Amino acid sequence: MFTLAEVASLNDIQPTYRILKPWWDVFMDYLAVVMLMVAIFAGTMQLTKDQVVCLPVLQSTVNSKAQPSTSGKADFTTVETTTGQGEEASVRTVSFGSAPTVTPDVPLSRATSSQYQPTESGQEVKKEQKDSSGRKTNLDFQQYVFINQMCYHLALPWYSKYFPYLVLIHTIILIVSSNFWFKYPKTCSKIEHFVSILGKCFESPWTTKALSETACEDSEENKQRLTGAQSLPKYVSTSSDEGSPSASTPMITKSGFKFSADKPMIEVPSVTILDKKDGEQAKALFEKVRKFRAHVEDSDLIYKLYVGQTVIKTVKFIFILCYTANFVNTISFEHICNPKVEHLIGYTQFECTHNMAYMLKKLLISYISLICVYGFICLYTLFWLFRIPLKEYSFEKVREESSFSDIPDVKNDFAFLLHMVDQYDQLYSKRFGVFLSEVSENKLREISLNHEWTFEKLRQHVSRNAQDKQELHLFMLSGVPDAVFDMTDLDVLKLELIPEAKIPAKISQMTNLQELHLCHCPAKVEQTAFSFLRDHLRCLHVKFTDVAEIPAWVYLLKNLRELYLIGNLNSENNKMIGLESLRELRHLKILHVKSNLTKIPPNITDVAPHLTKLVIHNDGTKLVVLNSLKKMTNVAELELQNCELERIPHAIFSLSNLQELDLKSNSIRTIEEIISFQHLKRLTCLKLWHNKIVNIPSSITHIKNLESLYLSNNKLESLPVAVFSLQKLRCLDVSYNSIALIPVEIGLLQNLQHFHITGNKVDTLPKQLFKCVKLRTLSLGQNCITSIPDKVSQLLQLTHLELKGNCLDRLPATLGQCQLLRKSGLVVEDHLFDALPSEVKEVLNQDTSIPFANGI
């Protein structure tokens, strides 16, 4: 027989699971323990004391008295059967003061017969006993034991014998049914994770801090609403309210972070800062909760399993109650037994007593009472399961009591687990909801971020850019640290890969800020911050993946001068989405679009009259529609790079104010249309590099004001004389072509300052080249030049000379007469430089030796 401790272990679950045990489950567990005790007590009593005692029933004649012998010593009552003349049987009881005992030495038949035979005196009995002879045995005792055992199995009802075992089996089944959802692999893993996360969320210092901050915010907002205090300074826009963001503009609107132009920003009293370890644990909890929710919300297996086990317990209760009620009356103290062994005993009928009958009956009644209570609780559980929608859980009360109005409602197994937790303590769900709120997560990030990125640390990351402006670049942070807005002398702010960037009103302190970069950073701004940016921001760079990532407030910065948009504007997802109207950007002068356009967006024409520079860099997508260019009458610089253009677009010829045209990296093969450039009187720079141009038409002479001509990386084989008729030409770049000869007419370009012919097939240099005395840059590398004429000394303004990659065996000593040429500007092989006379090298090294001497 197993012990109570072993049986009770079936009902043992992890103590941490108690939060998922509502009161009815706990009550049913206690009932199951009591039923176990009933079963074990009854079983123990039955194994140790359960037996029956049987005596024979005499077949007497009329008015005979049936006096069954007993082994007891006390008074007893026998049943006397009397048959009357009217053939009516009556039963009466006869009491005896004492009963003769049957000794083991006398057989049951003789003892019984002698007990009932009338004797005249005790002497006859003694004489008869004296006359008996033979070997004494215990046969009569064995007969009693034999009859008791047979009648125990034949006369005693089966329920009286197996009642304790049935109770034990039923109780074990109920216990297993109650705790099966904690043991089933597909549910216990989810339950284990939920309990673990819930416990950590409940104990996390961030939970207390977040709820405390909520209380502080609520009290501050109430105080502000009642007193109407406006003691804090705020930025006052100098412009009119025109251009204010609409309701659809992505400003910061969530509770706890609101800031409008009509209300000053409330400084929330800071609570004790979390240490780094607690902050990291809280961040991990947010991630765990997010993943657990995604994993559990997609099914309702736990709910179905709990309903199933409750139904099984209810059906089990009905079954037990029905069959037990039928057998409760079968447990009786008296039983009639007919073992059919009269050939052994001499009697056909015995009357037996079951000594455990009263005890078992009381235990059975107690068991039925427990089962009834258990069943009513099961019915209540079913009522609870189907009365309310347990597959949905709303944090409405939590949202009302706190500022975390963004806590989402959950469903399926996640909702069911929270409903179960509410039966234990609703405080668990309230504290757990903190980790479902994005507002709470953002607050945590903000606190951790501000704690890590102090003003001193940010100051170390400030650098000077090419324009000698103070620049701060923040990359992959959880937000924008508050200390950034205390750097009032910052000129350029770059925010890259900061998805939760928020620009508060404190930015109004950064009076020097004129340039802002948002790289995959859809920043949200407060109302006062927007007013400041609208009036002060001059240059904005926005890099995005989808056009929807461009903040709507960008289109309302009416004082913006330069706008750079880099991202996908022509994907399938963006067919129904276009750039917002640029009409409000009244002062926009430069628009730079790096994308994959097939046509110029119509909204660009909203600012076309104001633009002075338009740059479109495609990724190789063919730009087909260019008619809208005609509206850009004030454009002075136009760049159409990598747009797969095969010819110069005719729309360009209408841009009368065009000064610089860049058609780099296209597929232009012929430029016969260049004659139409004669109408562009102000065109001074023409860049046709990285194309497939084979020759230059003589009509190029009509572009009389041309000062810069870039034709590098094409397929030119010669330079026409017409090019050298452009007297104003100051820069000529024909690098990386197939030119074999530099025409002598190059000497006509008296204003030429930069000449690049690197990567061609030139073998000799005409002397007329050195008549271009204004040359400052001469790039002759990677050709076939064998010698450099001494007349190079005439280039007194030469600062950069590239000769590397030719067939030179020496350098002319006259290089020393190029007064502005230094070694840093001379690109040549080392052995050629080392072969120069020492005095020439000394002159060329002058720029390095003088500082060195000064340093000494």
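**Starting from one tyrosine**

I began with Y380, which I found in helix α12. A caution to myself: this is a predicted model. Is Y380 buried, exposed or something in between? I looked up its relative accessible area and got 34%, so Y380 counts as partly exposed. The cut-offs behind that call are under 20% for buried and over 50% for exposed.

Next I checked what Y380 sits with on the surface. Y380 belongs to a nonpolar patch, together with W23, V26, F27, Y30, V373 and F383. I noted about 690 Å² of accessible area for these residues together.

Which helices supply at least two residues each to the patch? I found α2, running 23-49, and α12, running 357-387. Of the contributors, α2 gives the most, with four residues. A reminder to myself while looking at helices: an α-helix has 3.6 residues a turn, so residues three or four places apart point the same way.

**A helix on the inside**

The buried ones in α18 are Q527, T528, A529, F530, S531, F532, L533, R534 and D535. I jotted down that R534 and D535 are on that buried list along with F530 and F532.

What do the buried residues of α18 pack against? I traced them to two strands, β11 (502-503) and β13 (524-525).

**Checking for holes**

I also searched for cavities of 30 Å³ or more, and the count came to one. The largest cavity holds about 30 Å³ of space. I listed its lining as L518, H520, C521, P522, V542, K543, F544, E549 and P551. Which strand gives the most to that lining? I have β14, residues 539-546, with three residues.

**Whole-protein numbers**

I counted 21 helices and 26 strands in the protein. Of its 856 residues, 47% count as buried. The accessible surface comes to about 42800 Å², and 54% of that belongs to carbon and sulfur atoms.

For contacts, I took those between residues at least 6 apart in sequence. Of these, 57% join residues at least 24 apart.

Methods: Residues numbered from 1 in each chain as written. Predicted model: local features only at pLDDT ≥ 70, side-chain atom pairs only at ≥ 80, totals over all residues. Heavy atoms only, no water. Buried < 20%, exposed > 50% of the residue type's maximum accessible area, 1.4 Å probe, protein only. Contact = heavy atoms within 4.5 Å. Areas by Shrake-Rupley, 256 points an atom, 1.4 Å probe, with all protein chains shown as cover. Patch = residues over 30% accessible without salt bridge, like charges linked within 9 Å, V, L, I, M, F, W, Y side chains within 5 Å. Salt bridge = Lys/Arg side-chain N within 4 Å of Asp/Glu carboxyl O. 1 Å grid on protein atoms, 1.4 Å probe; cavity = no way out; pocket = protein on both sides within 12 Å on 5 of 7 lines; lining within 4 Å. Points joined across faces, edges and corners; volume = space filled by probe spheres on them.
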